[in-house]
Amino acid sequence: MKKILQICAIDRSVESLLFPLIEKLMDEGYEVHTACSDTGRFDVLTAKGLTLRSIPIKRKIDPISNLVTIGALYRLMKREKYDVVHVHTPIAAVLGRVAARLAGVPHVIYTAHGYFFHEGMSKSTYQMYYTLEKWFARHMTDYLLLQSREDYELSVQDGFSSLAERILHIGNGVDLTERFHPRHVTREKVQSIKSSLGLRDDHLVITYVGRMVSEKGIFELLEAFRKLAGEFPRLRLLLVGDVSSSERDQRGQNFVELCRQHPQIILAGFRTDIPELMATSDIFVLPSHREGLPRSIIEAMAMAKPIVATNIRGCREEVRDGVNGFLVEPKQVCPLYAALKKLVVDSRLREAFGQNSRSIALEHFDERTVLAKQAALFARLTGQLREEREQEKGGSGEDWTRREHSSFP
């Protein structure tokens with residue numbers, strides 16, 4: 001049985017981002033292990049059948065801690081002899097690739113959920129992170145997978161790999177047929193959640209889902225909502241997420257304290273019932289400064305919600321301004337306030353944008369397509385697909401191997 005190691009910073013990323021892929025690979029016969037920090041979700045994930053390896057991974061540059069992590073990952077890789085190592089999230093991806101190269105892992109894959117460098121940075125900071133990402137992509141990575149089309153086009157154009165065929169655009173998506181389908185959340189469930197959150201039927205709910213860090217635009221959101229709340233007493237802001245001790249940016253603690261003081265803000269904390277929470281919402285907002293191809297927006301679109309997001313990489317691939325939501329400039333309170341207000345006062349616009357969101361999601365953001373692209377790559381790299389074909393044909397499969405591998409150097 002072929003063995004794969006998935007690496008990310010924390011267990012919550014496994015739960016929110018990687019679980020569908022891990023489940024898909026396990027269903028296809030791979031032995032899949034996942035290395036990350038344990039922040040309290042290991043028991044839940046283990047109960048779902050995942051094999052987890054607790055490796056402390058800080059989400060910031062810390063030479064001593066980073067070296068300890070590389071050592072722990074190296075020892076794990078040498079012991080388990082993985083066929084493929086697949087890394088995610090910026091710091092974990094760097095440390096994981098170094099360990100994989102030292103351990104002699106045959107295939108190293110990096111999924112960039114969104115490059116750390118972005119247009120809002122100073123030129124010097126941008127250049128530093130750009131240079132690091134490009135160097136690691138060219139010298140420490142066999143296959144580079146991009147969720148954002150903008151990231152993909154930049155990577156090909158700027159030669160992030162010596163072989164352009166090894167740079168793949170995979171996109172992002174959610175389960176549109178079962179989990180994220182408006183018809184699959186009952187009215188009783190919506191009423192139950194509203195009751196638990198202190199919401200009434202006459203409340204209009206703006207929802208944010210994400211990490212409580214300043215780069216997500218939460219402080220601009222707070223200021224914009226304060227202005228709106230003064231005009232609309234029935235308005236509520238539902239904040240889903242919390243502040244992890246592993247975050248580089250701990251200003252989210254101050255943000256949470258400020259929100260607790262506002263009677264129209266609801267702090268829901270970390271939740272896994274996202275489809276149900278979306279069903280109780282009227283508007284979804286994500287005022288980030290930096291994104292890859294945000295899954296939270298896709299989840300809201302799948303649940304037929306209008307979106308207000310920032311005009312940045314990733315968000316503008318999902319939100320069509322004036323069609324299924326509004327795009328506003330990042331780090332600006334007034335445009336965010338104005339866009340939210342347009343939706344607050346116009347129920348017909350909310351309905352039209354929401355229906356358009358669902359249609360766009362169905363056309364472009366189906367999780368099955370994203371998983372199939374990755375599964376095909378793993379099959380080619382490990383030869384698992386070849387072995388299955390050989391068994392079916394009862395032959396050597398040499399002609400098929402040559403044909404199927406022609407586009408994967």
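1. The largest cavity in this predicted model has a volume of about 170 Å³. The structure holds one cavity of 30 Å³ or more. Sixteen is the number to check by eye: 16 residues line the largest cavity. Closest to its centre are Leu-17, Gln-147, Asn-172, Val-370 and Gln-374.

2. Which elements give two or more residues to that lining? They are helix 1 (11–27) and helix 15 (367–382). By class, the lining of the largest cavity divides into seven nonpolar, seven polar and two charged residues.

3. Where does the lining of the second largest pocket come from? Helix 3 (63–80), helix 4 (90–103) and helix 5 each supply at least two residues. Helix 4 gives the most, with six residues. Both domains take part: domain 1 (3–173 + 366–386) and domain 2 (182–364) each provide at least three residues of the lining.

4. Thr-89 deserves a look at the backbone. This residue lies in the loop between strand 4 (84–87) and helix 4. Most residues other than glycine have a negative phi.

5. Lys-331 is a second case of this kind. Phi of Lys-331 is near 65°, again positive in a residue other than glycine. The loop between strand 13 (325–328) and helix 13 (333–345) holds Lys-331. Is Lys-331 buried, exposed or partly exposed? Its relative accessible area is 46%, so Lys-331 is partly exposed.

6. Now the aromatic rings. A search of the whole structure finds eleven aromatic pairs. One of them joins Tyr-115 and Phe-117. The ring centres are 4.9 Å apart and the planes lie at 20°, so this pair is stacked; the cut-off for stacked is under 30 degrees. Tyr-115 and Phe-117 are both buried.

7. Tyr-115 also pairs with Phe-160. Here the centres are 5.5 Å apart, with 40° between the planes, and the pair is tilted. The pair links distant parts of the chain, as its residues are 45 apart. Tyr-115 sits in the loop between strand 5 (107–112) and helix 5 (123–139). Phe-160 sits in the loop between helix 6 (149–157) and strand 7 (167–169). Phe-160 is buried, as is Tyr-115.

8. These contacts belong to a cluster. Ring pairs connect Tyr-115, Phe-117, Tyr-126, Tyr-130 and Phe-160. Start at Tyr-115 when tracing the cluster on screen, with Phe-117 and Phe-160 among its members.

9. Two charges sit over rings. The charged end of Arg-97 lies over the ring of Tyr-110, 4.0 Å from the ring centre. The charged end of Lys-48 lies over the ring of Phe-19, 5.2 Å from the ring centre.

10. Leu-222 is placed in helix 8 (residues 218–231). Is Leu-222 buried or exposed? Its relative accessibility is 1%, so Leu-222 counts as buried; the limit for buried is under 20%. Leu-222 and Tyr-337 are 115 residues apart in sequence. In space, 9.9 Å separates Leu-222 from Tyr-337, C-alpha to C-alpha.

11. Thr-207 lies in strand 8 (residues 204–209). With a relative accessible area of 0%, Thr-207 is buried. Asp-282 is 75 residues away from Thr-207 in sequence. The C-alpha to C-alpha distance between Thr-207 and Asp-282 is 7.7 Å.

12. Arg-183 has a relative accessible area of 74%, so it is exposed; the limit for exposed is over 50%.

Technical notes. Residues numbered from 1 in each chain as written. Predicted model: local features only at pLDDT ≥ 70, side-chain atom pairs only at ≥ 80, totals over all residues. Heavy atoms only, no water. Phe/Tyr/Trp six-rings, centres within 6.5 Å; stacked < 30°, edge-to-face > 60°. Buried < 20%, exposed > 50% of the residue type's maximum accessible area, 1.4 Å probe, protein only. Helix = DSSP H or I, 4+ residues; strand = E, 2+ residues; numbered from the N terminus. Lys NZ or Arg CZ within 6 Å of the ring centre and 35° of its normal. Domains from an automatic or database assignment. 1 Å grid on protein atoms, 1.4 Å probe; cavity = no way out; pocket = protein on both sides within 12 Å on 5 of 7 lines; lining within 4 Å. Points joined across faces, edges and corners; volume = space filled by probe spheres on them. Nonpolar A, V, L, I, M, F, W, Y, C, P; charged D, E, K, R; others polar.
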